[in-house]
Amino acid sequence: MASIQEVKAGLAQAAEQGSTSLQQLRASADALDRMLTQLQAVAAGTAHPLVSEAISRCEQSKKQLEEAATLMQGAGEATRRYAGILG
């Protein structure tokens with residue numbers, strides 16, 4: 001069985017990995033925003049269904065990334081709270 005210190009160290013490492021993943025996710029969301037802006041700019045005046053589909057999928061992806069970021073933040077907070085309980 002792991003000691004409290006080992007558990008706390010593991011929690012700290014997991015929280016750090018979560019923070020790194022969250023930063024990467026935010027960078028992906030920023031890249032997706034740029035893609036969406038570019039698509040909208042080049043598609044101005046175009047009503048082709050594939051362009052509309054691409055824009056719609058980008059918007060859906062952005063929402064899912066935002067949901068994932070919220071979930072990841074919650075996981076990090078829960079991890080930190082648990083580490084705090086351990087003392």
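Predicted model: local features only at pLDDT ≥ 70, side-chain atom pairs only at ≥ 80, totals over all residues.
Good morning. At 51% relative accessibility, Arg57 counts as exposed, where exposed means over 50% relative accessible area, buried under 20%, and partly exposed in between, with a 1.4 Å probe and protein chains only. The side chains of Arg57 and Glu53 meet in a salt bridge at 2.8 Å, N to O; the term requires a side-chain nitrogen of Lys or Arg within 4 Å of a carboxyl oxygen of Asp or Glu. Arg57 and Glu53 are four residues apart in helix α2, and therefore separated by about one helical turn.

Residues are numbered from 1 along each chain as its sequence is written, and side-chain values use heavy atoms, with hydrogens and water left out.

I turn now to the fold. The chain has two helices and zero strands; these are DSSP runs numbered from the N terminus, helices being H or I with at least four residues and strands E with at least two. Helix α1 covers residues 4-42 and reaches 57 Å from its first C-alpha to its last. The C-alpha atoms of the chain fill a box of roughly 65 × 20 × 15 Å along the principal axes.

Which element do the buried residues of α1 pack against? They pack against α2, residues 49-86. Among these buried residues are Leu11, Leu22 and Leu36. Leu32, also buried in α1, touches Cys58, Ser61, Lys62 and Leu65, not counting residues up to four places away in sequence; contact here means heavy atoms within 4.5 Å.

Finally, the largest nonpolar core has five residues: Leu32, Leu36, Ala43, Ile55 and Cys58. Such a core is a set of buried Ala, Val, Leu, Ile, Met, Phe, Trp, Tyr and Cys residues joined through side-chain atoms within 4.5 Å. Of the 87 residues of the chain, 14% count as buried.

Key. Expected span 1.5 Å × (residues − 1).
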